[in-house]
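Me: I am new to this structure. Can we go through it in short questions and answers?

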Amino acid sequence: MKKYFKFSLVLLVISVLFISCVTRKKKNETSKFGKFYHNTTAFYNGYWNAKEIMKESMKTLRLANVDDYNKLLEVEDFVSVDNPKMVKADMDKIIEKVTTVSQLHEPSAWVDDCYVMMAKAQYLKHEYETAEETLQYFQEDFNPSNPYGRNYKSKKPTGKAAKKIKEEEKKDKAEIKEKEKEAKKEIKEEKAKTKAEERKEKERQRENEKKEREKEKKERDKQKKENAKNKKKAGSVKSKNENSPVKDTIISIGNETKQNTAKVNTSGNVKSPEITKDKDSTKTYKTPEPVKPQEDNTAYSEGILWLAKTYIKRENWYASEILLKKLETSAVNDNIKGDLPATFANLYIKQKKYAEAIPKLIQAINDEDDKQLKARYSYIAGQISQLENDNTAALKYFSDAKDYAKDFKMEFMSELAIAKNGIMTGKIAKSEVTDNLKKMLKEDKNVQLKDQIYFTLAEIEVSQNNTNDAIDYFKKSIANNNADQKLKAEAYYNIANMFYNKEKYLEASVYFDTTITLFVSSDPRYAQIQKYVSNLKDIASNIEIIRYQDTLLYFVTLNEDEQLKVIPKWLEKNKKPESPVGKNSGLISKQLTISGNVDFGTSNFFAYNKTGKMKGKEEFIKIWGTRPLADDWRRSSKAYGNNTESTEKKVAEADGQTENVNKEEYDKFIKTLPDNPIKKQESNDKIMSAMFTLGKLFRDKIENFSKSAETLEGMHTRYGPTPYELDSYFYLYLDYTDLNNSTKAEEYKNKIVRKYPDSKYTAILTDPDYFSKTRNKPNKPEAYYKAVYALYEKGEYLKALDALDNVSRLSEENNPYLAKMALLRAMCLGARDGKDEYVKALNNVIIAFPNTPEQSKAKEIMRFLGGDKTAFNNMSVEEVDKIYQKEDDQVHYVAIITYDLDETQHVNFKVAISEYNKQNYKTERLQMGDASLNTTDNSQIILVRKFDNGAKAMAYYNKVIADKESYTGGVKASYDVLPVSQRNYRKMLSERSAAGYRIFFEANYAGAK
């Protein structure tokens, strides 16, 4: 045993020494043994544990997730949890573990996985900005194709994969050699063919030369014979003898010519085989097939997918789509193949591009192995088809969802959706569907889902325009709803809208008041509900005044016995105004809030185990249904309620029946009745005032012109002349004008003119130019400006400039036309002298006339000259206010928008800003980033972040505007500097233009200084 211990100890020491000595053989290089050590330790000591915690946390989130089936489901089934704090402790533990791994075991192959795990933990905590920063660093530093990155060739294939790659390389080399061999053979054959042709040509040349020589010999022989015959004339013989060499020369020249021609032909014959070679080579060589991308065995593709998810959350649609398209064309891991099309679908859904989302959902259904996710994607496809009014397709997708579903709720909701779409498509009769739903209400297994069944019945009645039945079913849904706050909110919202459309504004106001307490502020309908609550508040209070005073006046007309019959019932009914929230809703809401906010950490106590609790709760509900929090809940006959009979007295009614009412309360109420002329007049005055106020509110607040006219005319019918007559007549004139009832409008116009001839309303109605006459007074600067502008329009720029140079004699303090004239002067200079002078003059306008329309116009022209094609955007302040929100207390960025800069200019500009920040904002530790705003007009963003609030961002803005030269570093560029909150920055990116936000900024920031 001792020997074994000594041996083990020695082995351990040797191992430690070996690791310490050889872990780093060279700079940035780790030995195989060191690599093994780091990989093993990193995986088992950190990453594996983090992965297991992540699995459990995902289960917890999925169990806690309560889907709102009345809205489009989220593609991700774990993000709808309102309180992500339930997994905060676990996520913090994951971040701690993977951070330790990445620091201590940097040479391991698991560092990139750790960064992805860290970002996922931040994502699940809803810390999307932090997750974005983590993944942006990961994207740059772990890109396998980046030679300077940490992941470059860090995960070389081993084992069978490496062997396979070597075999493929060997095969490729063999194929290349074979092709080279064939090419050499062809070249050799072509050379041999060319030589044979050349030989033949030489033989032809020799044959021709031989024939020429024979011909010459015959000529010479012939000449000799002629010379012998003509010996008598020596001179002629001599001349004839002299002609012989001339012929030889001619023949020689002719031969030479033929030889030259032969050479040309030879060269032509050499070229012809090369053409043949090209044709043959086309048949021999094939275009190489594109090499398929190798599967990414790193965590890179997963990290990029999660970065795309984060961009979706941050509403950076453009950046997300670019990443997803790159992943689509890459060979991604099997782990994310199903998630990739689903994320693409989520991107399109968030942008409301539903037609593009459907194909991606179908692909996700085909690629996904998890049946529950298949069911979810099918259900979402059905919901989108409903939105696109394709109920036949919706029916098919909902049927698929039901077939795939493993979860009872999903199966149940799919069945309800099938029923609704069956009616819409005409494939199922309404009576059949409603009968089936009512049977489902009686089944014990559906006890906890009664609220949803009643809600579905209400939706069916809405589709059939049966408003009253729909309201009744929605109320029953609320009464049977004990836990689903989202469904309850939808029920209240539907009832409130139906009452509003029925012009029952008091009831609508009550339901809207409750609706807004149940809706979350991030819901897109929240702002509209707020508007309803605000607008209906005064309307409802005036309706209540009229109803209450009318009730008092009615009670006065009754005798004492009749009052004893009616008033106690009325008092009992109105003792506590009927609250639409329902019984115990406050308790339930409170319980939900508490259970959602408590974080039990990682306690081993069974009651604090979140996953176990949720599973147990589901099983309990399936067996017993929803039960009240009380002892002996099994006793079905147990009575609930308060026994307050001892504190009340019974007031006898004339018919012998009794009504529980407090005697003191009854007597007190009787004394308030308007039982004398003075009190009656007070009640009527209150009604009269309320009716007049209502008439105005119906018009001014909700633009219900017919209701406004009806109320005001009702006031006149009931009370005749009133103190509000003149104003009410004018309102009636406006109402009937808007209702296109010219007869009634003319009637009230005549009443005003005839009865109130000296009133302001008469002046307005009888003089169409009333407003222009009161506003327009003689104005010399205006006339001068119009005259100069006319010269500009005619193209007479020199005359216009001369006139503008003499404008000083018209200058007066607070002259509103000075800025206009300065801008007009810049325009004339631009037309006469070109762009450079135009820019200088526009800069003078911007500096000299701050916070004026002319300054804004000059900036627009400057931006257009610099390449911003959206510079003259015509959006109004009201339009941009619907997109952007003022968030002074929120974190801000400063976005520098550049237009039409090339890459070098953009980089130089960014470097200049970085240097400026180092010199002036060293302690603030400002970070910089960049993004593409719109590739079409090459507008880019240099982002400076971050500032604690809008005031600090504006301080930075004011300083850099003052330090323009040092800020730009001499880079000539057209740019905007825009302080922007995080939310507004995401909106600006989604708009793909800074034009709208610029208008918002000038109205809410620059103009508010």
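This is a predicted model: local features need pLDDT of at least 70, side-chain atom pairs count only at pLDDT 80 or more; totals for chains, interfaces and linings use all residues.

Me: About how many helical turns separate glutamate 915 and lysine 918?
Reply: Both residues belong to helix 37, residues 903-920. They are three residues apart there, so the separation is about one helical turn.

Me: Are glutamate 915 and lysine 918 buried, partly exposed or exposed?
Reply: Glutamate 915 has 38%. Lysine 918 has 49%. So glutamate 915 counts as partly exposed, and lysine 918 is likewise partly exposed.

Me: How many salt bridges does the count come to?
Reply: Side chains of opposite charge can pair when their charged atoms come close. By the 4 Å rule, the count of salt bridges comes to 35.

Me: How many residues apart in sequence are the parts tied together by glutamate 76 and lysine 309?
Reply: These two form a salt bridge, with the closest N and O atoms 3.0 Å apart. Glutamate 76 lies in the loop between helix 2 and helix 3, and lysine 309 in helix 8, so the pair ties together parts of the chain separated by 233 residues.

Me: Are glutamate 76 and lysine 309 buried or exposed?
Reply: The cut-off for burial is under 20% relative accessible area. Glutamate 76 falls in that class, and so does lysine 309: buried.

Me: Which helix holds lysine 707, the partner of glutamate 503?
Reply: Glutamate 503 and lysine 707 form a salt bridge, with closest N and O atoms 3.9 Å apart. The pair links distant parts of the chain, 204 residues apart. Glutamate 503 is in the loop between helix 18 and helix 19, and lysine 707 is in helix 26.

Me: What are the relative accessible areas of glutamate 503 and lysine 707?
Reply: Glutamate 503 is partly exposed, and its value is 31%. Lysine 707 is buried, and its value is 17%.

Me: Which residues are linked in a network of salt bridges?
Reply: The network joins lysine and arginine with glutamate and aspartate. Its members are Lys71, Glu490, Asp523 and Arg525.

Me: How far from glutamate 887 is the nearest side chain of opposite charge?
Reply: Glutamate 887 sits in the loop between helix 36 and strand 5. This residue is buried yet has no salt bridge. A salt bridge has to fall within 4 Å. Arginine 983 is the nearest side chain of opposite charge, at 4.5 Å.

Me: Which residue's side chain joins that of glutamate 887 in a polar contact of 2.7 Å?
Reply: Beyond its neighbours within four places in sequence, glutamate 887 is in contact with several residues, including His892, Asn984 and Tyr1005. The 2.7 Å polar contact is with serine 981.

Me: How many of the nine residues of strand 7 are buried?
Reply: Strand 7 covers residues 939-947. The strand is largely enclosed by the rest of the structure, because the buried residues number eight.

Me: In which sense do strands 5 and 6 run against strand 7?
Reply: Strand 5 pairs with strand 7 over eight bridges, and tyrosine 893 has arginine 945 as its bridge partner. Seven bridges join strand 6 to strand 7, with methionine 928 opposite valine 944. Both pairings are antiparallel.

Me: What span should helix 14 have?
Reply: Helix 14 has 18 residues, 408-425.

Me: Which residue follows helix 14?
Reply: At the start of the helix, a side-chain oxygen of aspartate 407 reaches to within 3.2 Å of the backbone nitrogen of lysine 409. After the helix comes a residue with positive phi, near 80 degrees: glycine 426.

Me: What is the relative accessibility of valine 845?
Reply: Valine 845 is found in helix 34. Among the residues it touches are Ala822 and Leu823. Valine 845 counts as buried, at 2%.

Notes: Residues are numbered from 1 along each chain as its sequence is written. Side-chain values use heavy atoms; hydrogens and water are left out. Buried means under 20% relative accessible area, exposed over 50%, partly exposed in between (1.4 Å probe, protein chains only). Helices (H or I, at least four residues) and strands (E, at least two) are DSSP runs, numbered from the N terminus. Two strands pair if DSSP finds at least two bridges between them. The expected span of a helix is 1.5 Å times one less than its number of residues. A polar contact is a pair of N or O atoms within 3.5 Å; within protein, one must be able to donate a hydrogen and the other to accept it, and residues adjacent in sequence count only if both atoms are side-chain atoms. Lys and Arg count as positive and Asp and Glu as negative; His and the chain ends are not counted. Contact means heavy atoms within 4.5 Å.
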